[in-house]
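Dear colleague,

I am passing the structure on to you below, together with the notes I made while going through it. Please read them alongside the coordinates.

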Amino acid sequence: MADLYFFVSKDKIEDVVDCGLKLSEWYDRELIIPGMSESKKVLKAFLNPRDDAEKMKNTNYQCVRLQLELDYCWVADASLYKMGQEDTRTMELYYNNIVPLKDYCFGTFRNPEVLVTTSVLPEYIKITGEVLDIPLLYENSEKLYLTNLREKYEEFYNDSGNHLLYAFFTYLESKGMVTRHEDNESKNVIFFYTGSKDYTVLRIP
């Protein structure tokens with residue numbers, strides 16, 4: 001079983017808890033899931049409730065936890081779907097990267113969305129905060145994605161993040177927030193913070 005999160009407007013929360021989520025009423029969109037011959041209605045849920053920061057902060061919404069069989073759950077990259085509305089190549093990339101939840105590696109997508117292809121019965125819906133919630137091992141999917149990406153490149157370059165920091169400080173320099181002094185012989189660079197005595201020393205890649 002998968003534990004997923006879904007936001008419901010508070011004026012409908014009682015109906016959802018009593019009657020469940022009927023796919024034909026609550027579906028987000030219709031699309032063709034890989035391996036399926038015809039389009040399916042899907043309800044969009046989240047792996048982490050904090051992945052929808054807007055509704056998480058909105059007092060008009062209540063987060064509920066859904067328990068679903070893995071066979072009815074697929075994961076896609078919501079960022080690609082949004083950009084794909086205006087670019088067919090990106091939309092094709094979105095469809096090509098839809099994977100079964102059971103095969104999804106957490107942190108692969110910056111903004112993962114879980115596409116649920118079935119209705120959810122009321123006994124598999126719990127209001128978060130009213131029962132013992134399942135502990136979440138990461139803050140949100142975006143931060144997990146960025147952390148994994150940093151670790152991947154740090155391992156690739158074997159430089160403890162020096163390349164990424166150098167790129168970041170070069171960006172700050174373009175904004176006039178730091179100035180640099182390079183020692184080409186030692187391959188080091190000092191970035192001095194504008195209006196401050198602070199500085200950062202990095203290696204020149």
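Predicted model: local features only at pLDDT ≥ 70, side-chain atom pairs only at ≥ 80, totals over all residues.

Residues are numbered from 1 along each chain as its sequence is written, and side-chain values use heavy atoms, with hydrogens and water left out.

The buried residues of α7 are Asn162, Tyr166, Phe169 and Leu172, where buried means under 20% relative accessible area, exposed over 50% and partly exposed in between (1.4 Å probe, protein chains only). Seen down the axis of α7, these residues fall within an arc of 120 degrees, so they line one face of the helix; the arc is that of the directions from the helix axis to the C-beta atoms. Their cover includes β9 (178-183), β10 (188-193) and β11 (199-203), with contact meaning heavy atoms within 4.5 Å. After α7 comes Gly176, whose phi is positive, near 75 degrees.

The strands that cover α7 deserve a look of their own. Val178, in strand β9, is buried with a relative accessible area of 2%, and, leaving aside residues up to four places away in sequence, it touches Phe169, Leu172, Glu173, Phe191, Phe192, Tyr193 and Thr194. The C-alpha atoms of Val178 and Gly195 are 8.8 Å apart, although 17 residues separate the two in sequence. Val201, in strand β11, is partly exposed, with a relative accessible area of 46%, and touches Val189 and Ile190, again not counting residues up to four places away in sequence. In the loop between β9 and β10 sits Lys187, which has a positive phi near 65 degrees despite being a residue other than glycine. Most residues other than glycine have a negative phi. Lys187 is partly exposed, at 47% relative accessible area.

Helix α5 (residues 88-96) has Thr90, Met91 and Tyr94 as its buried residues. They cover an arc of only 100 degrees around the axis, which puts them on the same side of α5. That buried side packs against β2 (29-31), β5 (73-77), α4 and β7, whereas the face turned away from it carries the exposed residues Thr88, Arg89, Glu92 and Asn96.

Finally, the largest pocket has a volume of about 700 Å³. On a 1 Å grid over the protein atoms alone, a pocket is an open set of points where a 1.4 Å probe fits, with protein on both sides within 12 Å along at least five of seven lines, and lining residues have an atom within 4 Å of a point; grid points are joined across faces, edges and corners, and the volume is the space filled by probe spheres set on the points. The lining consists of 28 residues, of which Lys44, Phe46, Asp51, Asp52 and Lys55 lie nearest the centre. It divides into ten nonpolar, six polar and twelve charged residues, counting Ala, Val, Leu, Ile, Met, Phe, Trp, Tyr, Cys and Pro as nonpolar, Asp, Glu, Lys and Arg as charged, and the others, Gly among them, as polar.

With best wishes

Definitions and conventions
Helix = DSSP H or I, 4+ residues; strand = E, 2+ residues; numbered from the N terminus.
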